[in-house]
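Subject: Structure for you to look at

Hello,

Here is the structure I said I would pass on. Please open it first, then read the notes below it.

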Amino acid sequence: MKRNWLLWVPLMLFAFLGGIFLFGLVEPKDEYVRSKLVGQPLPEFSLPAATAGVEGLSSKDFADGKPRMLNIFASWCLPCKAEAPFLEQLKEAGVEIHAIAIKDKPDDVAAFLAEHGNPFARIGSDMDMLVQLKLGSSGVPETYLIDGKGRIIHQHIGDIRAEHVAPLLEKLNAAK
């Protein structure tokens with residue numbers, strides 16, 4: 001009797017593993033790493049200027065009662081170049097945008113701004129990606145909306161496109 005039961009163990013194990021593999025194939029996966037800090041205060045940081053002529057950036061720059069955007073970008077990032085005109089639109093709509101340049105040399109940041117415009121009020125240099133990691137950011141470009149108290153209210157993963165401008169403006173206006 002025990003022997004008959006043992007013959008079924010390999011078949012049950014095979015069915016169990018097959019079920020797990022099948023579940024992995026049909027279950028949609030989330031491609032993005034979402035920050036656990038949405039709804040939390042911005043972590044403390046202080047970054048030097050990313051290039052000449054633009055002030056550096058500190059977490060204290062976000063707690064003066066005015067909602068802002070924080071854009072994580074890099075001069076070597078193609079989607080960052082694609083989102084540049086839409087960041088300009090947001091700036092023209094009255095949004096104050098601060099930025100963190102990731103693993104960028106000052107000359108490269110200056111060339112990026114000269115070619116694609118500068119919608120940023122301040123740009124901090126995060127050569128070691130330490131602030132990016134503190135924020136829970138997984139890549140570039142990535143944008144955070146920060147309320148006037150310095151809390152992260154929204155995370156936008158990927159480049160900002162035309163269809164994102166109005167919803168981002170609505171969220172910032174609601175944070176006032």
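Two strands count as paired if DSSP finds at least two bridges between them. Keep in mind that this is a predicted model.

The sheet. With that definition, the model has an open sheet of five strands, in the order β5-β4-β3-β6-β7, and the pairing is mixed. The edge strands, each pairing on one side only, are β5 (120–126) and β7 (152–157). On average, neighbouring strands in this sheet are turned by 20° against each other, direction ignored.

How many bridges join β3 to β6? There are five, between residues 68–73 of β3 and residues 142–146 of β6, and the two strands run antiparallel. As one example to find on screen, isoleucine 72 has glutamate 142 in β6 as its bridge partner.

The helix. Helix α2, residues 78–92, lies across β3, β4 (97–102), β5 and β6. The angle at which α2 runs to β3 is about 165°.

The cavity. The structure holds one cavity of 30 Å³ or more. The space in the largest cavity is about 40 Å³. Its lining consists of Asn71, Phe73, Cys80, Glu83, Ala84, Leu87, Phe112, Gly117, Pro119 and Phe120. Which elements give two or more residues to this lining? They are β3 and α2, and α2 gives the most, with four residues. By class, seven of the lining residues are nonpolar, two are polar and one is charged.

Regards

Note on methods. Residues are numbered from 1 along each chain as its sequence is written. This is a predicted model: local features need pLDDT of at least 70, side-chain atom pairs count only at pLDDT 80 or more; totals for chains, interfaces and linings use all residues. Side-chain values use heavy atoms; hydrogens and water are left out. Axes are lines fitted to C-alpha atoms, for helices over the stretch in contact, and angles run from 0 to 180 degrees between N-to-C directions. Contact means heavy atoms within 4.5 Å. On a 1 Å grid over the protein atoms alone, a cavity is a set of points where a 1.4 Å probe fits but cannot get out, and a pocket is an open set with protein on both sides within 12 Å along at least five of seven lines; lining residues have an atom within 4 Å of a point. Grid points are joined across faces, edges and corners, and a volume is the space filled by probe spheres set on the points. Ala, Val, Leu, Ile, Met, Phe, Trp, Tyr, Cys and Pro count as nonpolar, Asp, Glu, Lys and Arg as charged, and the others, Gly among them, as polar.
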